[in-house]
Amino acid sequence: MRVMLLVTDFQRGGTPLRIARLARGLAVAGLEVHAGCLAPPGPVSGDLAAAGIPTFACHARGPHDLATFWRLTRHVRRLRPDLIHATLTHANVAARLAGLFEGIPVIGSTATIELERRWHGWAERVTGGLEQAHLVGSHVVAEHVVRAFRRPRQRVHVVPPSLDPWPQSVERRVARWTLGLPDDAFVVAWAGRFDPVKRLDLMVACAERLADIPAWFLLAGDGPQRPHVQRLLDHSPARSHVQLLGWRDDVPTILSAADAFLFPSLTEGMPNAVLEAMACGVAIVGSDIPALRELAGDEGRLRLVAGDDPADFAVALRQLRENETQRRTLAGRAATWACENLRFEATLAAIRRVYEHVLG
């Protein structure tokens, strides 16, 4: 089976990294995989090439570069995949049109519940009939796709989340020594792409409200909002206790050093960073949104905070600092669930079943 994986870009972030993991897993399972993006090549393109996965790029100059579609069509014509598996709206739409022109079945994917770009919903509704199946990573995203994109429920397939490789925790004291953190500090971690939807300004404001402890905030990642966050910190009383670490290969070490993981996103689908924090046994404070409610479950594996007031998030963190039993209980529930549910083999098998169903 020859599969073309297509995503909007290969910058470092949750979805491109997840697609890279899928590409490697499918290749190990014996499929011929070609991975590409609509944008110019990014850092993840290099990661894939180093792993022996052929890549391509359509070099889109922006979201309105219609010539991108024709460049994608040429790649499809050259590679002649058995199917195209696209992820994110721009890639979904382009893949559906290219598949229509070249007579190749298309599987679309939605990674998050998006509220800020309403035209994405319109584009998904208009072109959705050109695909044979739609993959999502959680039940709440499945409901969103059925409701907002008006996709037939029988064509929407929920793929179980997973981690690969499994994050390897290190001893807490060693992790703190590695990062230059005091043993007795209260450490709050975050990881991801610096994007407006992540509400990093709320995180800075939260750090300011915990300046009396003081709490150390470790922010691992990068993205378009980093200059904005840096400007906020330049004028913040908490600037000496908030570290912007950039993209890191040692996120499990950062999580091992943390007492809590703060995740105040406005919208999400199935966030990799939260899954990693759960696997590493870190107590999580997150925004009360559908995706995190699904991960929290009935037993309360996450501490959820409603609204957008930084003071409420700061109160939740302060309570975890003061109540070690509560902190350990949250962390233990999260770690137990992660160990029982986040198996990459299950993800891979579910996706292959959809591929075979579509081709059948």
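I count helices (H or I, at least four residues) and strands (E, at least two) as DSSP runs, numbered from the N terminus. This is a predicted model, and I number residues from 1 along each chain as its sequence is written. I use heavy atoms for side-chain values, leaving out hydrogens and water, and I ask for pLDDT of at least 70 for local features and 80 or more for side-chain atom pairs, while totals for chains, interfaces and linings use all residues.

**Entry 1: the cavity**

I set my terms before searching. On a 1 Å grid over the protein atoms alone, a cavity is a set of points where a 1.4 Å probe fits but cannot get out. A pocket is an open set with protein on both sides within 12 Å along at least five of seven lines. Lining residues have an atom within 4 Å of a point. Points are joined across faces, edges and corners, and a volume is the space filled by probe spheres set on them.

I searched the whole structure and found one cavity of 30 Å³ or more. The largest cavity holds about 390 Å³ of space. I listed 25 lining residues, and the closest to the centre are Arg18, Gly137, Val159, Thr347 and Ile351. Two or more lining residues come from each of helix 1 (14-28), strand 4 (83-87), strand 5 (106-110), strand 6 (133-136), helix 11 (272-279) and helix 15 (344-359). Helix 1 gives the largest share, four residues.

For classes, I count Ala, Val, Leu, Ile, Met, Phe, Trp, Tyr, Cys and Pro as nonpolar, Asp, Glu, Lys and Arg as charged, and the others, Gly among them, as polar. The cavity lining then splits into 13 nonpolar, 10 polar and two charged residues.

I turned to the second largest pocket, with about 310 Å³ of space. Its lining has 15 residues, and Arg172, Ala258, Asp259, Gly281 and Arg328 are the closest to its centre. Helix 10 (251-257) and helix 14 (324-341) each supply at least two lining residues. Helix 14 gives the most, with four. By class I get seven nonpolar, three polar and five charged.

Two packed helices are described by the angle between their axes and the distance between the axes. I take axes as lines fitted to C-alpha atoms, for helices over the stretch in contact, with angles from 0 to 180 degrees between N-to-C directions. Contact means heavy atoms within 4.5 Å.

Helix 13 (residues 310-322) packs on helix 14 at about 105 degrees, with the axes 5 Å apart. That makes helix 13 roughly perpendicular to helix 14 (65 to 115 degrees). Gln319, Leu320, Arg321 and Glu322 of helix 13 meet Glu324, Gln326, Arg327 and Leu330 of helix 14. I sorted this contact into two nonpolar, two polar and four charged residues.

Helix 11 also packs on helix 14 at about 105 degrees, with the axes 7 Å apart. Helix 11 is therefore roughly perpendicular to helix 14. Here Leu275, Met278 and Ala279 of helix 11 meet Ala334, Ala335, Trp337 and Ala338 of helix 14. This contact has seven nonpolar residues, no polar and no charged.

**Entry 2: how enclosed is helix 11?**

Buried means under 20% relative accessible area, exposed over 50%, and partly exposed in between (1.4 Å probe, protein chains only). Seven of the eight residues of helix 11 are buried, so the helix is largely enclosed by the rest of the structure. They are Asn272, Ala273, Val274, Leu275, Ala277, Met278 and Ala279. Just after helix 11, Gly281 takes a positive phi of about 70 degrees.

**Entry 3: backbone details**

Which peptide bonds did I note as cis? One joins Asp164 and Pro165, with omega about 0 degrees. Pro165 lies in the loop between strand 7 (156-158) and helix 7 (172-179). Another runs from Ile213 to Pro214, with omega near -15 degrees. Pro214 sits in the loop between helix 8 and strand 9 (215-222).

His59 has phi of about 55 degrees, in the loop between strand 3 (55-57) and helix 3 (67-79). His59 is partly exposed, at 42% relative accessible area. Arg199 has phi near 55 degrees and lies in the loop between strand 8 (186-193) and helix 8. Arg199 is buried, at 13%.

Technical notes
Parallel < 35°, antiparallel > 145°, perpendicular 65-115°, else oblique.
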